[in-house]
Amino acid sequence: MGGGASTAASTNGTKPAPKRSMFATKREDCQILVVGLDNSGKSSVIAWLKSTSGKGPSNKASATASTSAPLEVVPTVGLQLEEFSRGSVNFKFIDMSGQSRYRELWGSYFREAQGVLFVVDATDRLRMAVAKDELRLVLNHEQVAHRLNSLPFAFLANKMDLDGAVDSIELAVLLGVDEAFQHPWLMVSTCATTGEGIEQAMSWLTEKISASTSCP
Ligand code: G3D
Ligand code: MG
């Protein structure tokens, strides 16, 4: 059985979040990149978020119905865009393909991004090194490398429900994410089929983004 929900996080940026998030008063747009190897669970995470938009704790104060709908689907270039509201935020999720032939398309999406969800199949120990390489590529991207404090990363140790899943602490070690990691980060064990852990990751990411100067 995979480990229970667990969390590891950066120690930088520990100052308390402002009492009133900018998201609390005004509907805002927020662009999140969803990155990870094929089969890690990216589409499942987005599907869960979409299915729970308009519900759940973050939406209690909102009387607005979900505007859940695919914004644009571009399968031929390996990217999928989904836009829907959660609480007071209009999220645009960009499901990035890990396939190398699409990497030249990363530029504009990375430039506009306000946060990254990095999804890892926590049971796929054989491909952890590949996931680590993928992370390095993202971190070295010119649109990411200069945004060290303003682009938060939420790592999902996904498929925690399956036997052999590494927990979030072990995943941090395997990916080489530690105190030296220069973006705000959080590592959460998740199960995209039940949604466990995803709300926690999104709450953290939203809080970091709302406190960041990269917000529009
Ligand atoms: P991707 O978009 O990153 O390529 P998907 O990954 O979201 O398509 O997920 C790949 C497979 O993993 C899917 O199974 C999906 O149901 C499964 N999956 C995703 N997240 C979890 C999880 O947390 N737990 C379990 N048990 N399975 C998960 P299929 O069979 O459709 O290929
Ligand atoms: Mg997918």
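**Note on the predicted model**

1. Buried residues make up 40% of the 216 residues in the protein. Buried means that 20 or more other C-beta atoms, placed from the backbone, lie within 10 Å of the residue's own; exposed means 12 or fewer, and partly exposed lies in between.

2. This is a predicted model: local features need pLDDT of at least 70, side-chain atom pairs count only at pLDDT 80 or more, and totals for chains, interfaces and linings use all residues. Residues are numbered from 1 along each chain as its sequence is written, while chains are lettered from A and ligands numbered from 1 in the order in which they are written.

3. Confidence first. pLDDT is the predictor's confidence in each residue, from 0 to 100. The protein averages 80, and 75% of the residues score at least 70. Strand β7 has the highest confidence, at 98, and strand β3 (residues 69-74) the lowest, at a mean of 40.

4. Two stretches call for care. Over residues 13-22 pLDDT stays under 50, and the model has 10 contacts there beyond four places in sequence. Residues 56-76 also stay under 50, with 32 such contacts. A contact needs C-beta atoms, placed from the backbone, within 7 Å. Where pLDDT is low, the predicted coordinates should not be read in detail.

5. Now the layout. The protein has six helices and eight strands. Both are DSSP runs, numbered from the N terminus: helices are H or I with at least four residues, strands E with at least two. Their order along the sequence is β-β-α-β-β-β-α-β-α-α-β-α-β-α. Of the contacts between residues at least 6 apart in sequence, 75% join residues at least 24 apart.

6. Look at strand β8 (residues 185-189). Five of its five residues are buried. Trp 185, Met 187 and Ser 189 point one way, Leu 186 and Val 188 the other.

7. β8 has neighbours. Strands pair if DSSP finds at least two bridges between them. Strand β1 (residues 7-9) runs antiparallel to β8, joined by three bridges; Ala 9 stands opposite Leu 186. Strand β7 (residues 153-158) pairs with β8 in the parallel sense over five bridges, and Phe 153 has Trp 185 as its bridge partner.

8. Which residues of helix α1 (residues 42-51) are buried? They are Lys 42, Val 45, Ile 46, Trp 48 and Leu 49. They lie on the same side of α1 because they cover an arc of only 160 degrees around the axis, taken from the directions from the helix axis to the C-beta atoms. The buried residues of α1 pack against several elements, including β2 (28-35), β7 and α6 (198-210).

Note on methods. Two residues are in contact if their C-beta atoms, placed from the backbone, lie within 7 Å.
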